[in-house]
Every structure is written in C-alpha cells, then in structure tokens.
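Please keep the sequence and the coordinates at hand while reading.

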Amino acid sequence: MTIIRTVEELKAMLTAKYRLMIETSPFLALATVGPEGMDCSPRGDKGGVVRVADDKTVLLPDWRGNNRVDSLLNIVRDPRVALMFLIPGSNTTMRINGRAVVSVDPTLLQSFEMDGKHPRTVIVVTIDEVYFQCARALMRSELWNPDNFVDPSSLPTPGLLLKAAKAEFDQETYDREWAARAAKTMW
C-alpha cells in the first residue's frame with residue numbers, strides 16, 4: 001500500500017537521519033513565549049537531551065536548574081516552543097518548532113529516573129516542523145575549536161553575576177560551595 005503525505009506532514013515528521021541527530025544531541029536551547037515576553041533556556045543531559053517518543057513527539061525531562069520556571073509558565077499559557085539541538089564537534093544543528101504541554105504523569109516521570117531521582121515534570125513536544133540549520137554560524141564562530149576556548153577564570157563567576165543584581169548577596173560563599181552543591185543536586 002502506498003501512502004502519500006503532504007509537504008506539511010513531511011516537515012512535521014522525524015526522518016531516521018533527523019532522529020539520529022536529535023538523539024545524539026546532549027544539549028539544546030528551549031525557546032518559549034508568554035505574556036511577559038520570550039525565554040530561552042539551556043537544557044542538557046547525558047546520552048541525549050530528549051527522548052524520541054514517535055515520529056511527531058519528543059520528550060524533554062525538566063531536571064533541576066536555577067529554580068526559575070519561566071519556560072514552564074510560558075508553555076502552560078502559550079504552547080509554542082522552539083528547540084535548537086547542538087552536538088559537540090558537529091557544525092550541523094537541528095531545529096524543532098512545535099507545541100508543548102507540561103506533564104506530571106508519574107509513570108512518565110519515573111521513566112526518566114537518574115541516580116534514583118526523577119524530573120519534576122516532562123515537557124511533551126508535538127512537532128510542527130523539524131529541519132537542520134545551516135552550519136555557517138558554528139563554522140564562523142569555530143565553537144568546537146579548543147584553541148579558541150576561553151579561560152573560565154577570565155570571566156565573572158556565577159556568584160559575582162548574582163551579586164551584581166543583589167548587592168547583599170554572598171558571592172564568595174556561593175562560588176566556593178557551587179561545585180559541591182551542583183554535584184549533590186544534579187538530578
């Protein structure tokens with residue numbers, strides 16, 4: 001039996017090659033929109049940042065972060081999302097534009113267990129369109145070239161950035177304790 005699909009249907013489906021690229025990506029930027037404006041937040045995970053549920057759906061666990069819920073609030077009020085996937089060493093990026101819902105289904109949360117912990121929610125994205133992004137920006141930036149890596153000690157620390165927004169913030173304690181705190185609360 002021959003199945004004929006429209007161009008719009010094909011734009012909204014993961015091909016085997018697109019799926020491989022997306023499943024390989026450990027990092028993405030999640031863009032959302034809400035009444036207060038837009039939000040773009042980094043998301044990362046070992047072994048692939050999303051799980052492909054089917055040719056039209058990806059699942060993104062919402063692991064602990066900076067305790068802001070801007071993306072989740074936006075999705076609840078406006079389901080439009082954009083995902084940009086990056087793969088270390090590859091200049092090809094993948095994009096998904098779609099609509100999302102926030103799930104607290106216990107079975108779904110448990111399916112993402114890491115080190116005995118579960119995400120607080122899972123973002124379920126229905127794909128409207130998926131495509132690869134031109135590599136020129138990554139090529140120009142030489143993002144993966146270790147000769148261009150910046151020495152992190154030359155940049156402001158997270159504590160210093162927080163102190164700039166809140167004068168009485170204890171920058172030294174925050175920076176000193178950050179690595180141990182992050183390691184204990186990764187999942």
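β1 is joined to β2 by a hairpin through two residues, where strands (E, at least two residues) and helices (H or I, at least four) are DSSP runs, numbered from the N terminus. The model is a predicted one, in which local features need pLDDT of at least 70 and side-chain atom pairs count only at pLDDT 80 or more, whereas totals for chains, interfaces and linings use all residues. Residues are numbered from 1 along each chain as its sequence is written, and side-chain values use heavy atoms, with hydrogens and water left out.

**Overall make-up**

- The protein has seven helices and seven strands, and from the N terminus on its elements run α-α-β-β-β-β-α-β-β-α-β-α-α-α.
- Along its principal axes, the C-alpha trace spans about 65 × 45 × 35 Å.
- Of the 187 residues, 32% count as buried, a class that means under 20% relative accessible area, with exposed over 50% and partly exposed in between (1.4 Å probe, protein chains only).
- Among contacts (heavy atoms within 4.5 Å) with a separation of 6 or more, residues 24 or more positions apart account for 63%.
- There are 23 positive and 24 negative side chains, and the centres of the two sets lie 1 Å apart; Lys and Arg count as positive and Asp and Glu as negative, while His and the chain ends are not counted, and the place of a charge is taken as NZ of Lys, CZ of Arg, CG of Asp or CD of Glu.

**The sheet**

- Seven strands form an open sheet in the order β2-β1-β5-β6-β7-β4-β3, with antiparallel pairing; two strands pair if DSSP finds at least two bridges between them.
- β2 (37-44) and β3 stand at the edges with a single partner strand each, so one side of each is left without a neighbour in the sheet.
- From one strand to the next, the twist averages 30°, with axes taken as lines fitted to C-alpha atoms (for helices over the stretch in contact) and angles running from 0 to 180 degrees between N-to-C directions.

**Strand β1 and its partners**

- Eight bridges pair β1 with β2 in the antiparallel sense, and the bridge partner of L28 in β2 is R43.
- β1 is also joined to β5 by six bridges, again in an antiparallel arrangement, and here A31 has A82 of β5 as its bridge partner.
- In a regular strand the side chains alternate between the two faces of the sheet.
- For β1, the covered face holds L28, L30, T32 and G34, while the uncovered one holds F27, A29, A31 and V33.
- Helix α3 (residues 70-77) lies across β1 (27-34), β2, β4, β5 (80-86), β6 (93-103) and β7 (121-133), and it runs at about 50° to β1.

**The β3-β4 hairpin**

- Strand β3 (residues 51-54) runs antiparallel to strand β4 (residues 57-62), to which three bridges join it, and the hairpin between β3 and β4 passes through two residues.
- R51 stands opposite L59 in β4, and D54 has T57 of β4 as its bridge partner.

**Individual residues**

- D115 has a phi near 50°, a positive value in a residue other than glycine; D115 lies in the loop between α4 (106-110) and β7 and is exposed, with a relative accessible area of 67%.
- E142 likewise is not a glycine, although its phi is positive at about 50°; E142 is found in the loop between α5 (136-141) and α6 (158-165), and at 39% relative accessibility E142 counts as partly exposed.
- Y174 lies in helix α7 (residues 171-184) and is partly exposed, with a relative accessible area of 22%.
- Leaving aside neighbours within four places in sequence, Y174 is in contact with P158, G159, L162, F169 and R181.
- Y174 and E23 are 151 residues apart in sequence and 34 Å apart in space, C-alpha to C-alpha.
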